[in-house]
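Subject: Structure handover and notes

Dear colleague,

Please find the structure below, followed by my notes on what was found in it. I would be glad if you read the notes with the model open beside them.

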Amino acid sequence: MNEFKKRLNETLKENNLSQNALAQKISMSQGVVNNYCTGKREPSLDVLISICKELNVSADYLLGLID
């Protein structure tokens, strides 16, 4: 999941979105989103889908399956 944290951070930066802003959009705490961004925790499938919808990217991209 190392690729996930890298791509999540890149996508947040590209969208000028803070961890806190994403957390609010997906109804999670900023601490949980921070754990995803640092690789300390991996999102559940439902949360991954929410993240993808909010960032307008595919799960395959965030997971490093496609470029």
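Throughout these notes a residue is called buried when its relative accessible area is under 20%, exposed when it is over 50%, and partly exposed in between, as judged with a 1.4 Å probe and protein chains only. By that rule Asn16 is exposed, with a relative accessible area of 72%.

Before going further, please keep in mind that this is a predicted model, in which local features need a pLDDT of at least 70 and side-chain atom pairs count only at pLDDT 80 or more, while totals for chains, interfaces and linings use all residues. Residues are numbered from 1 along each chain as its sequence is written, and side-chain values use heavy atoms, with hydrogens and water left out.

Overall picture

The protein has 5 helices and 0 strands, where helices (H or I, at least four residues) and strands (E, at least two) are DSSP runs numbered from the N terminus. Read from that end, the order of elements is α-α-α-α-α. The radius of gyration, taken over C-alpha atoms and compared with a globule rule of 2.2 Å times the number of residues to the power 0.38, is 10 Å for the protein, which agrees with the value near 11 Å that a compact globule of 67 residues would have. The C-alpha trace spans about 30 × 25 × 20 Å along its principal axes, and 31% of the 67 residues count as buried.

With contact meaning heavy atoms within 4.5 Å, 53% of the contacts between residues at least 6 apart in sequence join residues at least 24 apart. The accessible surface, from the Shrake-Rupley method with a 1.4 Å probe and, for residues, with only the protein chains shown counting as cover, comes to about 4,200 Å², of which 44% belongs to carbon and sulfur atoms.

Helix H4 covers residues 45-55, and its buried residues are Val47, Leu48, Ile51, Cys52 and Leu55. These residues lie on the same side of H4, because they cover an arc of only 140 degrees around the axis, the arc being that of the directions from the helix axis to the C-beta atoms. As background, an α-helix has 3.6 residues a turn, so residues three or four places apart point the same way. On the face of H4 turned away from its buried side are the exposed residues Leu45, Asp46 and Lys53. The cover over the buried residues of H4 includes helix H1 (2-14), helix H2 (19-25), helix H3 (30-38) and helix H5 (59-62).

In H3 the buried residues are Val32, Val33, Tyr36 and Cys37. Seen down the axis of H3, they fall within an arc of 145 degrees, so they line one face of the helix. Their packing is against H1, H2 and H4.

Two asparagines in loops

Which loop holds Asn16? Its place is between H1 and H2, and its phi is near 50 degrees, a positive value in a residue other than glycine. Asn56, in turn, lies in the loop between H4 and H5 and comes just after H4. Although Asn56 is not a glycine, it has a positive phi of about 55 degrees, and at 72% relative accessibility it counts as exposed.

Thr11 is found in helix H1 and is buried, with a relative accessible area of 2%. If residues up to four places away in sequence are not counted, Thr11 touches Leu55, Val57, Tyr61 and Leu62; of these, Leu55 was listed above among the buried residues of H4.

Gln24, which lies in helix H2, is exposed, with a relative accessible area of 58%.

Gln30 is found in helix H3 and counts as partly exposed, at 34% relative accessibility. Leaving aside neighbours within four places in sequence, Gln30 is in contact with Gln19, Asn20 and Ala23. Gln30 and Ser18, 12 residues apart in sequence, are 9.3 Å apart in space, C-alpha to C-alpha.
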